[in-house]
Amino acid sequence: MARILPKKDVVIVGLGWTGCIVANELTDEGLDVIAIERGPWRDAPTDFPTTYAQDELRYHIRHELFLRPDQTTFTFRNKTSQTALPIRTWGAFMPPNGVGGGGVHWNAETWRFLPSDFVLKTHLTQRYGAAFLPEDMTIQDWGVTYEDLEPHYDAFEYLCGTCGTAGNVKGKIMEGGNPFEGARSRPYPNPAQKQGFAHALWGKAARELGYKSFPQPSGNMSRAYTNPLGVRMGPCTYCGFCEWFGCANYSKASPQTTILPVLVRKSNFSVRDNSEVTKINTDRAGKHATGVTFVDASGTEWEQPADLVILAAYSMFNVQLLLLSKIGQPYDPAANTGVIGRNFTHQCMSSVNGFFDKSKFNFNPFISSGAIGMTIDEFNGDNFDHGPHGFVGGGYLTHAQTNGRPITTTTVPPDTPKWGAAWKKAVADNYLSTVTGAGVHGSFYSYRDIYLDLDPTYKDRFGRPLMRMTIDFHDNELKAAAYLTDKLDEIVKAMGAKQTQKKPRKGPYDITTYQTTHLNGGAVMGTDRKTSALNRYLQSWDVPNLFVMGAGAFPQNAGYNPTGTVAALAYWSAKAIREQYLKKPGPLVDA
Amino acid sequence: MLHRRELLAGVAWLALSGAAAHAGLISGRLPWEPNAGHPPDPVRPGRWIYFTGQEGAAVEALADRIIPPDPGTPGGKDSGCAVYLDRQLAGPYGRDEGLYMRAPFMKGIKQQGPQSQSVIAKTYGSGLAALDKYCQSNHAGKRFAELTDNDKDEVLKGLESEKIKLEGADGKKFFTQVIKDVQAGFFADPIYGGNRDMVSWKMIGFPGARYNYLDWIDRHNERFPLPPVSLAGRIDWTPKR
Amino acid sequence: MRKYATRSVGIAAGASLLLFAASASASEQDFTQVEKGRYLATAADCVACHTVPNGGRSFAGGRPIETPFGDITSANITPDKDTGIGAWTDAQFENAVRKGIRPDGSRLYPAMPFTAYTKMSHDDVVAIRAYLKTLPAVHNPVVRDTLPFPLNIRAGMRAWDALYFTPGEFKPDPNKSAEWNRGAFLVEGPGHCGACHTPKSFLGGDKNSEYLQGSQLQGWVTPNITNDNVAGLGAWSVDDIATYLRTGHNRITAATGPMAEEVENSSSKMTDGDVKAMATYLKSLPGESNNPQPLKSDDPAMKAGQAIFRDQCSACHSIDGKGVAKLFPSLADASMLRSRDPRSAIRLVLRGARSVATDAEPTAPGMPSFSHQLNDDQIAAVLTYARNAWGRPAAAVTASDVSEARRELRARTD
């Protein structure tokens, strides 16, 4: 029997980026807020200090900062006709855990989606005709526009001190930035990070081929910065232990370095760590959330009642909690009914390796940051005419190599033996003169047969069903991958590579190879209850005092890293809660 | 002292620094305590903890073929890769800790990843035994470690191409795992037992656990001159008197 | 008419004031008096010693105060009649605060800094009393006699007072500015900075000839806060000091340990004018100049220290040692690092630290613990390097300094 705690105004499930953003907004409104986080409290001086944060084996190979599959995992299959089996060890993605969530160990690549991304269905249909889109593609408009979100993208970028070169300020195209980006109201708060030799060379080669290369927007500081909350960060020192690792010197934007110092000092905020929420509780009718049930580290079950429930536990766990709490109608792919689990997507990643003459090129790959790199956007979204190509979507092309960590970055030319004297020599000969993983960061659109639901067989440590992923690549994404990889290859060759190795994404979708942790969908936002779980304010259509943050709201994934958009949506939703919902609790949009 | 005991009994003794009590609920200030953190414990060389003597010899021999010694850089054996692997298998890695190990265990398609029970320990246990058994059957009673280097390489190439099949183990899967682990040990921080004296990092030019390159980010196409440093430091950290 | 803003000017001490004061008593009804008392109580930081940290009721006492002689427990100064000071008269309160004498005639130990508070005026103390009367009464009986024999014989304090206590209100210096006098009053009086920063004799009395030149407290070495160029505030501007007191952070360093508590409870809540006044006063105190010769860069400790610094410390403290303003202290400019007694610096390296969070500077960056990674020889080397590499050199730190510090700190929980 769960012990019942004193009621709070707001309970937030998970304390990562969106949890912190919403907590800060709602505590400013005077509400009494508690956050419940499955993982541990984390902080630089105590959890990723300069004395041992730089440990590739511990953090990148053994995944110490991430969720353990033992704690919870998913099952996976490519097709509905197969039996899903558990993901016993992570591969394709690395779910976060702990206070700060993915914000602790992300790359800090901070992008905005394109204006057309938010009205994708309308836009592509208008331009190419409905017949151009695959019949089983289920892309949708979001219910919000880029213009709706612009002030919130701006808020996040100034919170983080994002470092970049603006490409479009109030409609004016700016030299050195991304000419394709949506108009921004003002430039980035900090100048772009410096580039390494290989990154700069790639940018130069791209320019010489006629593309407008620009520095990747980075949440790793190019200089010391104090954000609007008064929290201060130091300059990034290009240590090369960025993504997968916590930042030891306060220079990577994270909830810890941008919000938590201020949030934790508020008397109306508290957080329970090492406590897993197992269920969102609703009233008998299932139309009103009464709070959550959680289990603490000693296994004791508690109930936290609240007037407002915010799900901020990462896209996948948000969807899983909705399914387990029986909120919203689960998606049935055969009948094409239901919404929870629908429009699940990932990211379509491809790459090119380049091998250079070591007597002429010394790239020092270990001098880098997680979001360094030069980029071009000519092949993203609908920035080019897809008519002749027979696919839709695209991605940014980049050379954004973040590190030279030797266990994972000892790239050798193809056909090099995998062991022995020849391997050893090739590693030594190529380490300093290789471009490893110049990338295509491709979109992943949604389809009828890619979805989430509850597994019938496998259970977690509480005996609850694991969530099941059914996912495979469709021709659309693979065609795009091939095309974009060829373009990328041209640029790497133009840098002066003596040999390149193209690695376009090929099917089938494989759970063992890392492909970013950008998992999206399953609880999408929209204007039609039949095809979305949330309205345009991320409010549940079914339970008005439940708001669901995160990339689970994306109806499909664009060709960019998602965090900027996830954060902008959190600010947008928090604003609607503060200005509309609190004044008149209830549905903000007529169903 | 009497007064201290009275004091402790009577009054809740809390740290004078005012650090927030952190017992699952955090509020008011960022938690802190002295000597915080979970620093790694460097591996100490010595006897095998996990391997038997024969297994250890086999792994050393494997390590030296995967990464053969040359005049510039020691091979897998002398750089400590077998010690690394011994300590790894003796720890959480060898116990598949953190992995989802609930039943039922079913054979899946390749894309679904490893599905068997006791992934790592079983791979090594059965693999090393099967390797030696194969060699003894086909090489005049000699175990793998006792073969000539050429013969060793032939056996390994056979496993890799699957022209050689082991009895009681998947030879290709086993060898793939050994390559992965030995090479990881070769490049990991020396505190884990391999990469002794940072030999692999010196070989490739990786400066190790350094953290500040602000004075080098703009120096394009120049060789970085400073020696590598491990999480346990480097020899220059100790004053030479 | 009393002028609260310009206290330091023209207050005549002595009988006339006492006569006038005899009729003025502490009134919690008088907003002006209560506000004055609240501010002075903040400057005097009563709440820090008289509250058990992490959940103790404010001003209800019971906090163990570490002294070289043992722990002394602070009194309950809420208005509770049975266990607090609710039943005391104003005169009894003043006797305690300004003279160290309790209503029953027994003496207070100087852990209660009456030796500094004596400098406040009768009106000041009466105002503090008025403020304290407005607090919620908390029933909290505190065991007061906690020192071992023979120190628990409070009568012994009479002799101590004769040696070390000079009662009397602050007398402004007519040759100095109003600002200086205000600063002097605050530092010598309610601020009681000397309680921590002036070295003590073996009996625990102030060594007045070394006023504010640094002492020891709770396992820390408190720095020299005179204008000494090496170990004191010589490299700090008035603005640096004021910013430090007001926000806990400045371009040079950050407050941690017991000083973090001081900033949080006291000086961050004082006015800009007052912290500037205190800074002005401190900068006027002359320092000593017997500095050692800097160690040469080829000294073995310097070479090893330089390697450690470049490989580890520079991650935050920058390659040139200047840190990042308001985030990571500038070792090149720091003063506490260069204290004659290096134990505070050793403590920071061994145990790590959390700097103070204030409204103005909420970040509260932390330093990691190096006790596991560096041995005594290495910590000595890197501290020696940091104390000598960037000017204003200080003596080398030895490996035995570090091992002794490790031993002493082992028992501490803070």
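These legends accompany close-up views of a predicted model.

View 1. A disulfide is a covalent bond between the sulfur atoms of two cysteines. A:Cys239 is in no disulfide, and the nearest cysteine sulfur, which belongs to A:Cys242, is 6.5 Å away, whereas a disulfide would need the two sulfur atoms to be within 2.5 Å. A:Cys239 is also buried, its relative accessible area being 10%. In chain B, B:Cys81 is likewise in no disulfide, with the nearest cysteine sulfur, that of B:Cys135, lying 20 Å away. B:Cys81 counts as buried, at a relative accessibility of 1%.

**View 2. Helix α16 of chain C and its buried face.** Helix α16 of chain C covers residues 399–410, which makes 12 residues, and its span from the first C-alpha to the last is 17 Å, close to the 16 Å expected at 1.5 Å a residue. The residues C:Val402, C:Ala405, C:Arg406 and C:Leu409 of this helix are buried. When α16(C) is seen down its axis, these buried residues fall within an arc of 105 degrees, so they line one face of the helix. An α-helix has 3.6 residues a turn, so residues three or four places apart point the same way. The elements that cover the buried residues of α16(C) include α14 (343–351) and α15 (376–388) of chain C.

**View 3. The interface between chain C and chain A.** Here 22 residues of chain C are in contact with 21 residues of chain A. The two chains, C and A, bury about 1600 Å² between them, and 58% of this area is on carbon and sulfur atoms. Within chain C, the residues that lose the most area to chain A are C:Pro362, C:Thr363 and C:Pro368, which together account for 29% of what that side buries. Two salt bridges are counted between chain C and chain A. A salt bridge joins A:Arg265 to C:Asp359, with their closest N and O atoms 2.5 Å apart.

**View 4. The surroundings of C:Ile77.** C:Ile77 is found in the loop between β2 (70–73) and α4 (90–99) of chain C, and this isoleucine is buried, with a relative accessible area of 11%. Leaving aside neighbours within four places in sequence, C:Ile77 is in contact with C:Cys46, C:His50, C:Phe59, C:Ile85 and C:Leu132. C:Ile77 and C:Arg129 are 52 residues apart in sequence, while their C-alpha atoms are 9.5 Å apart in space.

Notes
Residues numbered from 1 in each chain as written. Chains lettered and ligands numbered in written order. Predicted model: local features only at pLDDT ≥ 70, side-chain atom pairs only at ≥ 80, totals over all residues. Heavy atoms only, no water. Buried < 20%, exposed > 50% of the residue type's maximum accessible area, 1.4 Å probe, protein only. Helix = DSSP H or I, 4+ residues; strand = E, 2+ residues; numbered from the N terminus. Expected span 1.5 Å × (residues − 1). Arc of directions from axis to C-beta. Contact = heavy atoms within 4.5 Å. Buried area = accessible area lost by both parts, 1.4 Å probe. Salt bridge = Lys/Arg side-chain N within 4 Å of Asp/Glu carboxyl O.
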